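This briefing is for a reader who is meeting the structure for the first time. Please look over the sequence and the model before reading on.

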Amino acid sequence: MTSTPIRTAVAGFGLSGSVFHAPFIEANPAYELAVIATSDAARQSQAKERYPEARIVNTPEDILALADQLDLIVLGTPPATHYPLAKAALEAGLDVVVDKPFVIHSAQGEELIELADRLGRVLTVYQNRRWDGDALTVRKLLDAGTLGTVTRFEVGMERWAPEIAKAWKASATAEDGGGVLFDLGTHVLDLALRFFGPATVTYAEIAARRPQEKADDDVFLALRHESGVATHVTINLNSHLHGPRFRILGTQGAFVKFGTDPQEPFVLGGGLPTDPEYGVEPPENAGTLDVDGQRSRIATERGAYPEFYRLLAEKLDDGGATSRRPVPVDPADSVTILKLIEQARVLASKEISGRA
């Protein structure tokens, strides 16, 4: 790495900026956390206390006004702002990280990719669940061929969240980027495509159960991959008892994993990515592997969210858009996820119309 740090700004200091971005940027010597934007007074105080060297401004537009003093902007703002802010940042000469969902409409994502290519800028999307410990464990099992030919992949993210804590989420419709399908759904669909390749949505149930929900909080999708694998996706914020995170059936074995990746709660609790215990899951949460009737517990791989910013630093240090190194997440992958979501909404609408 060069001795010149990547001058980075984080737009938004809610959960996204304060837990998933700022701690990892600060922990990586390749970056300088130069600017943080938040208009919330309490969050400004928190940002100043945690990152005294960073300049605190009110809005993402304030960051764009400083573009000539920066190299990279990270957008941890509500989804409806992603497209206009990413477009403005690229045009201001910045490289851009966009938190998921990339944008609201796949056509917007395609436009941003074309713009970044034309301007010679780096554009990537923060699909951090690729580096969940359990996802890395599944990847290891698949690469080793332990399960034989996989026939069915079941992936879920379920929570009990009867109240909507964030004001923007409480008022957001699907057209605003609200709802669990844009939120957690982008993660599980990304993993399904990473593991088993291109797919089509063949069935969709999309519902809003909570009285205050304006988008969706209960989703089931069935996908058929070109590889032949059938994927079932369950995303639910109304679940007192959670189903498995992963259940994978193959011709030689099966794997089941419950629980939640520990990286987010660790940072929320005050831990740092550089702590020795970061990303380490308790042994009792290990998944269960069955191969030809022989069962064993499989220790979960260590979670690795820092990999995203490590890979991005390598890309930027090697010449940015001119480098042949890949970005941590190809934004085209995120566009494909958005197209699946669009397919699912059409199918769910037809399902409702058919029952009417």
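The notes below cover pockets, one asparagine and its surroundings, and salt bridges.

The model is predicted. Its largest pocket has a volume of about 1,200 Å³, and the second largest pocket holds about 370 Å³. The count of salt bridges comes to 26.

**Largest pocket**

- A total of 48 residues line the largest pocket. Leu15, Ser16, Lys166, Trp168 and Lys169 are the lining residues that lie nearest its centre.
- Helix H8 gives the most to the lining of the largest pocket, with five residues.
- Sorted by class, the lining of the largest pocket has 19 nonpolar residues, 15 polar residues and 14 charged residues.

**Second largest pocket**

- The second largest pocket is lined by 21 residues. Nearest its centre lie Gly156, Met157, Glu158, Gly243 and Arg245.
- At least two residues of the lining of the second largest pocket come from each of strand E7 (150-158) and strand E10 (230-236).
- Strand E7 gives the most to the lining of the second largest pocket, with five residues.
- By class, the lining of the second largest pocket is made up of eight charged, seven polar and six nonpolar residues.

**Asparagine 236**

- Asparagine 236 lies in strand E10, one of the strands that supply residues to the lining of the second largest pocket.
- Asparagine 236 counts as buried because its relative accessible area is 11%, and buried means under 20%.
- The side chain of asparagine 236 makes a polar contact of 3.2 Å with the side chain of aspartate 218.
- Leaving aside residues up to four places away in sequence, asparagine 236 touches Met157, Glu158, Arg159, Asp217 and Asp218. Met157 and Glu158 are also among the residues nearest the centre of the second largest pocket.

**Buried salt bridge and its network**

- Aspartate 132 and arginine 129 form a salt bridge, in which the closest N and O atoms are 3.2 Å apart.
- Aspartate 132 is buried, with a relative accessible area of 0%. Arginine 129 also counts as buried, at 6% relative accessibility.
- A network of salt bridges links Arg129, Asp132, Asp134, Arg245 and Glu264. Of these, Arg245 is also one of the residues nearest the centre of the second largest pocket.

**Salt bridges of arginine 325**

- Arginine 325 forms a salt bridge with glutamate 314, and the closest N and O atoms of this pair are 3.2 Å apart.
- This pair links distant parts of the chain, 11 residues apart. Arginine 325 is in the loop between helix H10 (306-317) and helix H11 (331-355), while glutamate 314 is in helix H10.
- Arginine 325 also forms a salt bridge with aspartate 318, where the closest N and O atoms are 3.6 Å apart.
- Are the residues in these pairs buried, partly exposed or exposed? Arginine 325 counts as partly exposed at 38% relative accessibility, glutamate 314 as partly exposed at 24%, and aspartate 318 as partly exposed at 40%.

Conventions:
Residues are numbered from 1 along each chain as its sequence is written. This is a predicted model: local features need pLDDT of at least 70, side-chain atom pairs count only at pLDDT 80 or more; totals for chains, interfaces and linings use all residues. Side-chain values use heavy atoms; hydrogens and water are left out. On a 1 Å grid over the protein atoms alone, a cavity is a set of points where a 1.4 Å probe fits but cannot get out, and a pocket is an open set with protein on both sides within 12 Å along at least five of seven lines; lining residues have an atom within 4 Å of a point. Grid points are joined across faces, edges and corners, and a volume is the space filled by probe spheres set on the points. Helices (H or I, at least four residues) and strands (E, at least two) are DSSP runs, numbered from the N terminus. Ala, Val, Leu, Ile, Met, Phe, Trp, Tyr, Cys and Pro count as nonpolar, Asp, Glu, Lys and Arg as charged, and the others, Gly among them, as polar. Buried means under 20% relative accessible area, exposed over 50%, partly exposed in between (1.4 Å probe, protein chains only). A polar contact is a pair of N or O atoms within 3.5 Å; within protein, one must be able to donate a hydrogen and the other to accept it, and residues adjacent in sequence count only if both atoms are side-chain atoms. Contact means heavy atoms within 4.5 Å. A salt bridge is a side-chain nitrogen of Lys or Arg within 4 Å of a carboxyl oxygen of Asp or Glu.
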